[in-house]
Amino acid sequence: MQVVLATPGAWHLRSTAKAFEQRGALAGLWISHNNSTGVSPEKFRRCWPLHLALKPFYHWAPDIWTERAFYTFFPIWKKWFMAQPLPEANIVQAVVGFATEPFDRAEKIGALKVVDCPNSHPTTYFGFWQRECDLWCPGEKVPIPRWMFARMNRELDRADVIIVQSNFCRESMIWNGISAGKIFVNPMGVDTGIFHPRQQVPIRPRFISVGTICLRKGHQYLFRAFEHVKKDLPEAELICVGSVKSDFRSEWPKWRGGFTHIPNLPQTELARLLQTCTAFVFPSQEEGIARAQVEALAAGLPVIGTLEGGATTLVEDGVEGLIVRGRDPQHIAEAMLRVACDPELCRRMGEAAHKRGAVSNTWQDYGDRLLVEYTHKLSRSMQPSL
């Protein structure tokens with residue numbers, strides 16, 4: 001088995017590539033970001049033209065400008081990738097929205113076409129996000145162009161295998177007419193060399209949420225929930241790690257200063273911070289599963305999360321955390337208070353969270369699960385039809 005991985009940016013494909021290479025299954029990785037996971041140089045190809053075109057935006061432009069620039073310069077990636085010589089491979093895997101050109105080449109060589117979906121079905125992804133924009137920032141539009149959603153739909157139709165990260169995403173595919181037989185649920189792995197379980201439940205209630213502060217991830221509900229929590233627990237602290245997206249501009253002035261905001265944090269520092277927290281709170285309105293959610297589990301934190309945020313894939317309500325209604329601040333606050341006011345419950349949930357998030361869930365485990373699925377798919381494709 002030999003797998004080609006391709007996407008502009010990087011997503012989680014660097015970790016996937018390293019896991020595949022460990023099993024001798026990586027044909028090559030084509031991305032525009034750096035080689036952070038140490039893939040062998042002979043199997044790594046970087047789209048320097050796209051990276052250099054976007055570099056000024058990474059350093060000096062607001063996120064919304066960077067996002068728009070990415071789609072403006074996207075043709076650079078397409079032209080570059082189609083000019084690249086590819087090694088022999090029987091599987092081609094690409095992130096949804098960026099799989100059209102890889103699939104064109106896969107079909108010429110008869111390779112299995114795999115689309116990796118970090119979010120729910122495009123119709124659900126767009127609709128749930130736009131709903132929050134309509135409610136909380138009237139006139140704001142989802143920043144992803146509609147032509148990109150159209151590409152996603154066509155790629156899902158062409159794919160032989162669709163990787164999703166949560167049960168919610170699987171259901172969203174089926175709701176939108178995708179055959180269940182094409183869908184494989186594989187939650188993200190975690191770097192257990194960095195994320196270790198906390199040693200004790202903190203005395204002072206400290207909640208943490210990691211991810212871009214935006215309407216899609218539900219911060220408008222989180223901040224209202226924390227307002228309720230502070231009435232009962234004035235000493236409680238909320239830490240939010242992530243930059244602020246433009247769709248949150250109407251909400252931001254109401255809440256800034258009421259919590260600790262850290263725009264960016266390296267993985268090693270995030271791992272240390274997680275160990276000092278009571279629970280991870282993530283009332284996302286639409287998500288694959290979010291890497292930070294899995295990292296919080298691995299760090300031994302109960303997760304207070306939503307169905308739409310993918311939490312139910314790894315969190316059983318009352319075991320590894322609590323499942324909440326993401327658009328209900330009162331319900332979110334009740335869950336936060338329950339975990340904060342019962343240290344023994346918080347400890348038990350944290351221990352269960354670590355087992356669920358870290359044990360047998362490294363990035364190598366993630367890659368191995370994919371390779372097993374691909375083996376099954378390839379063997380079926382070679383069976384003669386009756």
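Two strands count as paired if DSSP finds at least two bridges between them. The legends below apply this to a predicted model.

**View 1. Strand E11 and its partner E12.** Strand E12 covers residues 303-305. Three bridges join E12 to E11, and the two strands run parallel.

**View 2. Strand E11 and its partner E8.** Strand E8 spans residues 206-210. E8 pairs with E11 over two bridges, again in the parallel sense. Here Ile-208 has Phe-280 of E11 as its bridge partner.

**View 3. The two faces of strand E11.** E11 comprises residues 279-282. Ala-279 and Val-281 lie on one side. Phe-280 and Phe-282 lie on the other. These four residues are all buried, and both faces of the strand are covered.

**View 4. The fold around these strands.** The protein chain holds 14 helices and 13 strands. Its radius of gyration is 21 Å, close to the 21 Å that the globule rule gives for 386 residues, so the chain is as compact as a globular protein of that length. The C-alpha trace spans about 65 × 40 × 40 Å along its principal axes. Among contacts with a separation of 6 or more, 65% link residues 24 or more positions apart.

**View 5. Burial, surface and charge.** Of the 386 residues in the protein chain, 57% are buried. The chain exposes about 16,200 Å², with carbon and sulfur atoms supplying 54% of that area. Side chains include 45 positive and 39 negative ones. The centres of these two sets lie 4 Å apart.

Definitions and conventions. Residues numbered from 1 in each chain as written. Predicted model: local features only at pLDDT ≥ 70, side-chain atom pairs only at ≥ 80, totals over all residues. Heavy atoms only, no water. Rg over C-alpha atoms; globule rule 2.2 N^0.38 Å. Buried < 20%, exposed > 50% of the residue type's maximum accessible area, 1.4 Å probe, protein only. Contact = heavy atoms within 4.5 Å. Areas by Shrake-Rupley, 256 points an atom, 1.4 Å probe, with all protein chains shown as cover. Lys, Arg positive; Asp, Glu negative; His and termini not counted. Charge placed at Lys NZ, Arg CZ, Asp CG, Glu CD.
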